[in-house]
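Colleague: I am new to reading helix packing. Could you walk me through a model, one idea at a time?

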Amino acid sequence: MSISQPSLQLGLSHNSKAVYQKYLGFFDGNPTNLNPLPPSEAGEAYVEYMGGAAALLERVQRDYGLGKYRRVSQAFTHLVFSEPENIAARQLLASTYEQLAYQAESGPWRNFYLCGALELGSEVSFVLTARIGANFEVLSSMSIDMSFDLFGVRLNGPNARGAIWL
């Protein structure tokens, strides 16, 4: 089985970053990245520098048509963070993430792109919640100490005040 050049580059890039992060930390040597702006503030600045939302949308649509999806996602992320209510921007960025997912040879990268597209495409943000019941196999394999830890985490102290436990 031979490894194609793009997948080798993706793997090396991803693995190199992981090794660097583990041993040397988040800093990449660029002084600008020591204390970056929060995404919403950075988004506002970039959109302003790029001539406003309408000009950015026009440029991004052109690049999207040319298949420059990485470039589109990098530039358009700023508009979405700056104007989260801009539905056209969210839909185009979601489409861009789907295109990047189709091209991704790494499973985790593909999943991140698709999850990003899903979040941008939904009107209401959602939070996954744990089920009330527990899986019998998991509970039966837990030690007593682990079980008490689980009960301690799940117990709502203020609501349990005055309750009688038998």
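Modeller: Let's begin with handedness: a crossing is left-handed if the near helix is turned anticlockwise from the far one by less than a right angle, and right-handed if clockwise. Helices (H or I, at least four residues) and strands (E, at least two) are DSSP runs, numbered from the N terminus. Here, H3 and H4 make a left-handed crossing.

Colleague: Before we go on, what kind of model is this?

Modeller: This is a predicted model, where local features need pLDDT of at least 70, side-chain atom pairs count only at pLDDT 80 or more, and totals for chains, interfaces and linings use all residues. Residues are numbered from 1 along each chain as its sequence is written, and side-chain values use heavy atoms, with hydrogens and water left out.

Colleague: And what does pLDDT tell me?

Modeller: pLDDT is the predictor's confidence in each residue, from 0 to 100. The protein chain has an average of 80, and 79% of the residues score at least 70. Among its elements, the lowest mean belongs to helix H1 (residues 5-24), at 63, and the highest to helix H5 (residues 87-103), at 92.

Colleague: At what angle do the axes of H3 and H4 cross?

Modeller: Axes are lines fitted to C-alpha atoms, for helices over the stretch in contact, and angles run from 0 to 180 degrees between N-to-C directions. Angles under 35 degrees count as roughly parallel, over 145 as roughly antiparallel, 65 to 115 as roughly perpendicular and the rest as oblique. Helix H3 (residues 53-65) and helix H4 (residues 69-82) have axes that come within 9 Å and cross at roughly 160°, so the two are roughly antiparallel. Contact means heavy atoms within 4.5 Å; on the H3 side the contact includes Leu56 and Val60, and on the H4 side Val72 and Phe76.

Colleague: How many residues of that contact are nonpolar?

Modeller: Ala, Val, Leu, Ile, Met, Phe, Trp, Tyr, Cys and Pro count as nonpolar, Asp, Glu, Lys and Arg as charged, and the others, Gly among them, as polar. The contact of H3 with H4 has 10 nonpolar, no polar and two charged residues.

Colleague: How do H4 and H5 cross?

Modeller: Their axes come within 10 Å and cross at roughly 150°, so H4 and H5 are also roughly antiparallel. Their crossing is left-handed. Among the residues that meet are Ser73 and Thr77 in H4 and Leu93 and Tyr97 in H5. By class, this contact has 10 nonpolar, five polar and two charged residues.

Colleague: Which residues does Thr77 touch?

Modeller: Leaving out residues up to four places away in sequence, Thr77 touches Val72, Leu93 and Tyr97. A polar atom of the Thr77 side chain also lies 2.6 Å from the backbone oxygen of Ser73.

Colleague: And how are H2 and H4 arranged?

Modeller: Helix H2 (residues 39-49) packs with H4 at an angle of about 115°, their axes 7 Å apart, so these helices are roughly perpendicular.

Definitions and conventions. A polar contact is a pair of N or O atoms within 3.5 Å; within protein, one must be able to donate a hydrogen and the other to accept it, and residues adjacent in sequence count only if both atoms are side-chain atoms.
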